[in-house]
Amino acid sequence: MSGRKDVVRELVRAHGQTFAEEAGITLKDTPQPLYRLLVLALLLSARIRGSIAVDSARELYRAGLRDPRRMAEADWQRRVDALGRGGYRRYDERTATQLGDGAQLLIERWGGDLRRLRKEADGDVGELRRLLQEVPGLGPAGADIFLREAQRVWPEAAPYLDRKALDGAERLGLPKDPDRLVKLAGNTQPAVLAAALVRAALDKEVAEDSLRRVA
């Protein structure tokens with residue numbers, strides 16, 4: 001057990017930055033940070049390098065597209081250009097459309113405030129995941145990404161360790177049971193643990209580095 005705890009400790013110490021933090025998002029249970037996280041989740045869910053998705057999320061923010069109203073009011077080319085500056089060129093045109101459509105849906109259905117979506121789910125994480133997937137471009141993977149990070153401020157979702165996080169646990173020789181992983185992590189926040197495990201799943205060197213440190 002102590003060996004597994006050591007692996008988790010070293011993994012979190014070296015690779016425990018959440019993706020929201022990497023994108024410069026100070027996550028709070030307020031409309032703008034939650035929306036920025038939603039955009040990041042949409043970008044990360046595509047078959048593209050995570051660093052490009054993070055850079056593109058930053059560029060959208062720099063372009064002033066930081067809430068649903070501004071995103072919906074921006075013309076399509078402005079969204080395309082911001083994505084292009086972030087390197088998100090393979091999916092830029094389709095994603096620019098999805099961002100506009102998604103922002104409009106959020107405004108019309110939830111007043112541009114994802115806390116209202118949360119309220120509609122009424123503590124049911126499965127329903128929360130389903131509602132998120134009504135946003136254009138946000139499929140099951142995107143909903144999982146959002147909830148992995150949002151569990152930091154939406155505690156009813158915790159511990160949220162999805163299949164990708166559990167793939168990271170398997171690569172590290174750790175149990176694929178969320179409750180056991182959380183116990184091994186001690187006082188580490190589930191969102192931080194999830195991000196570290198996902199990084200191990202995405203990058204073999206992250207896993208090997210963590211294992212090497214406790215060898």
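## Pocket

Ala, Val, Leu, Ile, Met, Phe, Trp, Tyr, Cys and Pro count as nonpolar, Asp, Glu, Lys and Arg as charged, and the others, including Gly, as polar. By these classes, 10 nonpolar, 3 polar and 10 charged residues line the largest pocket of this predicted model. A pocket here is an open set of 1 Å grid points where a 1.4 Å probe fits, with protein on both sides within 12 Å along at least five of seven lines, and lining residues have an atom within 4 Å of a point.

The volume of the largest pocket is about 640 Å³. Its lining has 23 residues, and those closest to the centre are Leu-44, Ile-145, Lys-164, Val-198 and Leu-202. Helices (DSSP runs of H or I, at least four residues, numbered from the N terminus) contribute to this lining: α2 (19-22), α4 (50-62), α10 (140-150), α11 (163-171) and α13 (190-202) give at least two residues each. The largest share, 4 residues, comes from α10.

## Helix α8

In helix α8 (residues 114-121), Leu-114, Leu-117, Arg-118 and Ala-121 are buried (under 20% relative accessible area, 1.4 Å probe, protein chains only). Seen down the helix axis, these buried residues fall within an arc of 100 degrees, so they line one face of α8; the arc is taken from the directions from the axis to the C-beta atoms. On the other side, Arg-116 and Lys-119 are exposed (over 50%).

The buried residues of α8 pack against α3, α7 (92-110), α9 (125-132) and α10. After α8 comes Asp-122, with a positive phi near 55 degrees.

## Leu-197

Beyond its neighbours within four places in sequence, Leu-197 is in contact with residues including Leu-11, Leu-161, Lys-164 and Leu-181 (heavy atoms within 4.5 Å).

## Basis

Residues are numbered from 1 along each chain as its sequence is written. Local features need pLDDT of at least 70 and side-chain atom pairs 80 or more, while totals for chains, interfaces and linings use all residues, and side-chain values use heavy atoms, without hydrogens and water.

Terms used
Points joined across faces, edges and corners; volume = space filled by probe spheres on them.
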